[in-house]
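Reader: Could you walk me through this one in plain terms? I'd like to ask about the contacts between chains and then a few local details.

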Amino acid sequence: MTELPLPVKAAKVNARNVQVYYGQNHAIKDVNIDIPSESVTAFIGPSGCGKSTFLRCLNRMNDTIVGCRVEGRIEIDGEDIYDRRVDPVQLRAKVGMVFQKPNPFPKSIYDNVAYGPKIHGLTRTKAELDEVVEQSLHKAALWNEVKDRLAAPGTGLSGGQQQRLCIARAIATSPEVLLMDEPCSALDPIATAQVEELISELRNQYTVIIVTHSMQQAARVSQRTAMFHMGIVVEEGPTDKMFTNPDDRRTQDYITGRFG
Amino acid sequence: MTFATPRQVFSLFEADVRTRNRNAAERRFRLYGVIAITISMLALALLLFTVLDNGLGAFRQTFIEIKVPLDPARLDPSGTRDVEAMKKVTTIGYGKVIQAGLVATLAEAGIATDDSSVRDVFNLISKEAPAQLRNRVLANPDLIGTTIDFRAFASGRVDGYFKGRVSMASAELDSNISPAQLAIADEMKAKGLMGLHFNWDFILGPDASELRPEAAGLGVAIIGSAYMMLIVLVLSLPLGVAASIYLEEFAPTNRWTDLIEVNIANLAAVPSIVFGILGLAIFINFAGLPQSAPIVGGLVLTLMTLPTIIISTRASLKSVPPSIRDAALGVGASKMQTIFHHVLPLAMPGILTGTIIGLAQALGETAPLLLIGMVAFVRDFPASPPEGFFDPASALPVQVYNFTQRADPAFVERASGAIIVLLVFLLVMNAVAIILRRRFERRW
Amino acid sequence: MSVGLLLLIVIAVAALGYGLGRRRALASVQGDLRRLHSLPGYYGQSVFILTAAPALLVMLAWLLIQPLVIENHVISTIAPGSIADGSSTSLVLSDVRRMAGGLDALVARSSLSEGDIAALDANSTDVRGRLAEVGVALASDVDPAVFETAKAYRLILRTALLIMTTVVVAVTLAGLFFSLSRIRPDYRARNVSERAVIALLIASSFVAVMTTVGIVCSLVFETWHFFRLYSPEGFFFSTVWNPQFRGGSDLGIWPLVWGTLYVSFIALLVSVPIGLLAAIYLAEYASKTVRAVVKPAIEILAGIPTIVYGLFALITVGPFLRDYFAAPLGIGSSSSSVMTAGLVMGIMLIPFVSSLSDDIINAVPQSMRDGSFGLGATQSETVKQVILPAALPGIVGAILLAASRAIGETMIVVLGAGAAAKLSLNPFEAMTTITVKIVSQLTGDTEFGSPETLVAFALGLTLFVFTLALNVVALYVVRKYREQYE
């Protein structure tokens, strides 16, 4: 990273004393973290450390898992997202998500991107919708590759294109926070580079939170990093500091490849 | 930029109109699902209730208890107690003996009868009773000269009266029964001469004619069904397993085996009545096998069951992990030995479960049996196997159909009762299948 | 000697061969198992197979060919004068067969000796009465010439059986000695036995193919007979169905096709929405406990025989619809109606649609659902806009299979739809279907060779073609769909 770390902006997400249980299993313990807006925050840590679980708490995707229970307080813009009054459907329009494996719907490219705006009623006319689709594909750096075949099925694209399509789909609902769960783990190096480049651009508009297994990726795209281990946040801070001079022994060991 | 504008109000605590509408739609959709399931459950409940409500009565029957003095002069005119000679006395003769016994019994109980009402009272007894008495006497000639307690079927109308099917008002219009007769029946019941008892003859006895619903039983049908199930089991299990082993383990993938596979999938969906046509054309008209015989029914049902068994057997073979095969092949077993020593035993619970389910389907199948002549009225029990396979018989579901085709409303009760028996058999078979699966199924 | 006894002899000799083969194999290596190519049991098996298989094949072929040859011969000896008016060669032939069987029975009860039979003469003896003693009832008095033919037929049969027995026993013994002579330590007995088993397996998988061939042949053959007696135009293009006992029937298929389609349509109208919604609810919404109760209950619905549904239509649904809908509205007075049959058949098809759809919905990968929820879609939006479109081909396949079921269903329509062939739009009227007419024409009293009976085969062929087309398309669609997510 040649860039200087950005000053910490106002926190977009604040988590306090978050506990997650899967049945009897206590998966996340006492997580406290503040995530600044318009930046990229990376969650790193060994497999099964709870980073994906925590990510899924941020847009209440864990609600769809039977037996999962979340305690503590997670606020976005100062509003507790686990409040009874909050509709997860509305929350997820504000907090978009991109998954590990590209999962385009078996529909056309256009319909994939238009799906979110349609269900949330974000556009009034077809022309507006067309505009949203085009803008989203532009932002996902996919427009030039697919502009001639918007009616072709999304499943026909290459892996990297599919993942960028999923990103386009997520940003079409104009979310404020974008969650990415190991978005490059199923992609080849070239496609990974394209997606990483895209992530760096997205941070100008969105609060991006990315879970990754790759230390290099965290170093390349993020400004802040949180290290998860056995369900707790071991250390959290500016990415540069984490990778050069970590406070915690476990972070040091993980980054230098001694476990994980 | 005309990029999608974030909604104006954006506190997460306040659902906007659109979200409220969407959530309402969500609840409606959920409700549709609940309604669909409720309808299915209600239909099931109503179906079972109908059958039980109509059919349970068939297991209890109104009997008349009379003391019948077996008059030697009437029943054994030759006095030799020789069965062959006694056969010359017809049921009419026995009817007179019963009538005499009835008059005496009524007199003893203090129910007044005159000449005109004796006929009425005698008609309360089933027309089947003299034949039953005759069979009993012929089986044991020593009874002659004694007075026996005879429990006779009451006629179908009297039975219906006590079960609520016949009323005084309906008897008014009925040529088979009169209110006066029903009044006598009430009196007899009060005196304990008439009453409802469990009727084993319904389960074990043969069918009876259209005019004697009270005597109709399922014995021949149960035996016919049992014979057919035996044939189906003996033929379809080995054939089905052999075919599945070939298709799953040995068959090369080419157009020919592809054809066999498509063919089997298709056969599983061919309407059952078409199998009946096949049975009629091939087994009866071409091969000359007898009509109404369990062997033909068994063969037809075997062909119908085969696809079911093949499909489930192949699934169980497929579920045995390849590591088992590799292990056996690795110690030098031949492919055949691997399959017969390792794969097949491991797949056996699944195969048996599938076979029982296939048998249960076959047991309830009606349409093909209609076409191969099993609708015929059969009163004689078939002989024991193997000759019995070629004797005429009925089958449980066909017996139900036969009962529904008869005019007397008492047969509705019989048909429902027969269905209860059929469902009990199916329940037992499925329970066995479930137990097998629970007990022996492995998850790999 | 009977066929059964002969069969037992062949099996017994083969079993003996098993023991001999085993022992001979062991003897050939002085009990040192390691020097044998295969386990001793396989040597036994190879002898068993080579002994029994050729003999049984000869026997089977003989039994298939013998009746054709002998009966042709017998037919040629029947004088044309012996065939009474209104009778036919085949009827006389069956009389001959039954008489021969009756004579056998008389001999078996030893009320006649072989000599007596040779001397028996239909003119002087009451042959009909004697045969009736053993349960062979003949329709008319016996024509002496036919009776002579029966006697001759019986003798030919006895000779043929004798020759067959000799041949089969000879083949059995030849097989036994041949296979025993081949046993040496390096004889690959296991391969022989395994090849025989493979042949057996292949033969078994042929049964399914032969069933289809049998179905097609019997339908096509008898339909061809039918069209020689009744014009195809009258069958395919007439809208009148009116069979007569004395001939001159109108046998137009259209009223039956209409009834079939109408009933099936109502059945699908009931079963598809209910089955599909139930499947969606069970797959997407229901808690584990609800699923654990409702799913088996719906499967019970699938396990109930159709005759039970038929009775349900006959005694509950039919009268209910008549008394509370049709009669008050003045649109029908019959308890059996298209509506009755359609409703009940719809109930029968619910589990069929729901379990197929359930499988298909569950085959849609979880990542599709995640993607949709992640965008903020509600569950119903996910179902309607992502899962159903993704599962659509599979669901269409399921519906086609259900339609094929509905068209071929027999007992519900026999008991619920009625017997009147009509072209009407009123669902509360009784109409009839192809399957009902197959049953009624084939269980009726008409003579088998008449067009009124044979029409059932033409109807059966129509039904078979209809359902086959539906099944093939449906299976193809479902198969393609499954491949997509594998």
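**Interfaces and chains**

Author: Chain A and chain C bury about 1600 Å² between them, 64% of it on carbon and sulfur atoms; buried area is the accessible area (1.4 Å probe) that two parts lose on being put together, summed over both. This is a predicted model, where local features need pLDDT of at least 70, side-chain atom pairs count only at pLDDT 80 or more, and totals for chains, interfaces and linings use all residues. Residues are numbered from 1 along each chain as its sequence is written, chains are lettered from A and ligands numbered from 1 in the order in which they are written, and side-chain values use heavy atoms, with hydrogens and water left out.

Reader: Which residues in chain A lose the most area to chain C?

Author: The contact (heavy atoms within 4.5 Å) takes 22 residues from chain A and 17 residues from chain C. Three residues in chain A together make up 31% of what that side buries, and the ones losing the most area to chain C are A:P106, A:Y115 and A:I119.

Reader: How many residue pairs are in polar contact between chain A and chain C?

Author: Salt bridges (a side-chain nitrogen of Lys or Arg within 4 Å of a carboxyl oxygen of Asp or Glu) come to zero between chain A and chain C. A polar contact is a pair of N or O atoms within 3.5 Å; within protein, one must be able to donate a hydrogen and the other to accept it, and residues adjacent in sequence count only if both atoms are side-chain atoms. With both residues at pLDDT 80 or more, the number of pairs between chain A and chain C is four.

Reader: How many nonpolar residues are on the side of chain A that touches chain C?

Author: Ala, Val, Leu, Ile, Met, Phe, Trp, Tyr, Cys and Pro count as nonpolar, Asp, Glu, Lys and Arg as charged, and the others, Gly among them, as polar. On that side of chain A, six residues are polar and four are charged, while the nonpolar ones number twelve.

Reader: Over to chain C and chain B: which residues form the salt bridge?

Author: Here 75 residues of chain C are in contact with 74 residues of chain B, and the buried area is about 6300 Å², with carbon and sulfur atoms giving 78%. The rule finds one salt bridge across this interface. Its closest N and O atoms are 2.7 Å apart, and the partners are B:R22 and C:E381.

Reader: Which helix gives the largest share of the side of chain C that touches chain B?

Author: Helices (H or I, at least four residues) and strands (E, at least two) are DSSP runs, numbered from the N terminus. The largest share is 18 residues, and it comes from residues 189-229 of chain C, helix α7.

Reader: Why is chain B more spread out than a compact globule?

Author: Chain B has 19 helices and three strands. The radius of gyration is taken over C-alpha atoms, and the globule rule is 2.2 Å times the number of residues to the power 0.38. For 444 residues that rule gives 22 Å, so chain B counts as more spread out than a compact globule, its radius of gyration being well over that at 31 Å.

Reader: Where is C:G332 found?

Author: C:G332 touches C:A326, C:A327 and C:F428, not counting residues up to four places away in sequence. C:G332 sits in chain C in the loop between α11 (306-329) and α12 (338-363).
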